[in-house]
Amino acid sequence: MTDEERKIIVRINKYAETVLKDIDPQKTRTGFQIQQLMPIIKDIAGELGISVEDMFIKYMDLQTEFKAEEDKKFKEDMMDINIDLK
């Protein structure tokens with residue numbers, strides 16, 4: 001993930017923390033959650049000069065990569081303190 005991509009995903013995630021703070025993601029339709037993120041996705045798409053659809057796909061890809069990096073770091077941190085997470 002490039003620095004620019006990291007900035008994008010961090011920006012979207014910060015926005016999500018604000019607009020989705022009062023919902024239970026397990027009990028809230030995914031479509032509703034996506035709808036709440038559309039303003040920031042549209043803003044970033046405009047800034048990058050790409051379609052909203054392309055930005056949404058980019059967001060999904062970046063979010064997957066970001067979560068995988070977080071999971072890897074968490075497991076490495078736990079291994080450092082001798083906790084087995086198999």
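Residues Glu5, Arg6, Ile8, Ile9, Val10, Ile12 and Asn13 of α1 are in contact with Met55, Lys58, Tyr59, Leu62, Gln63, Phe66 and Glu69 of α3 (contact: heavy atoms within 4.5 Å; helices: DSSP runs of H or I, at least four residues, numbered from the N terminus). By class, the residues of this contact comprise 8 nonpolar, 2 polar and 4 charged (nonpolar: Ala, Val, Leu, Ile, Met, Phe, Trp, Tyr, Cys and Pro; charged: Asp, Glu, Lys and Arg; polar: the others, Gly among them). The model is predicted, with local features requiring pLDDT of at least 70 and side-chain atom pairs counted only at pLDDT 80 or more, whereas totals for chains, interfaces and linings use all residues. Residues are numbered from 1 along each chain as its sequence is written, and side-chain values use heavy atoms, with hydrogens and water left out.

The axes of α1 and α3 come within 10 Å and cross at roughly 95° (axes: lines fitted to C-alpha atoms, for helices over the stretch in contact; angles: from 0 to 180 degrees between N-to-C directions). The two helices α1 and α3 are therefore roughly perpendicular (65 to 115 degrees; roughly antiparallel is over 145).

Between α2 and α3, the axes lie 9 Å apart at an angle of about 110°, which makes α2 roughly perpendicular to α3. The crossing of α2 with α3 is right-handed (the near helix is turned clockwise from the far one by less than a right angle). Here Ile34, Leu37, Met38, Ile41, Lys42, Ile44, Ala45 and Leu48 of α2 meet Val52, Met55, Phe56 and Tyr59 of α3. The residues of this contact are 11 nonpolar, no polar and 1 charged.

For α1 and α2, the axes come within 9 Å and cross at roughly 155°, so α1 is roughly antiparallel to α2. The crossing of α1 with α2 is right-handed. Glu4, Ile8, Arg11, Ile12, Tyr15, Ala16 and Val19 of α1 contact Gln36, Leu37, Pro39, Ile40, Asp43, Ile44, Glu47 and Leu48 of α2.

The largest pocket holds about 330 Å³ of space (pocket: on a 1 Å grid over the protein atoms alone, an open set of points where a 1.4 Å probe fits, with protein on both sides within 12 Å along at least five of seven lines; lining residues: an atom within 4 Å of a point). Of its 14 lining residues, Asn13, Gln33, Leu37, Tyr59 and Gln63 are the closest to the centre. At least two lining residues come from each of α1 (3-19), α2 (30-48) and α3 (52-80), with α3 giving the most, 6 residues.

Notes
Points joined across faces, edges and corners; volume = space filled by probe spheres on them. Parallel < 35°, antiparallel > 145°, perpendicular 65-115°, else oblique.
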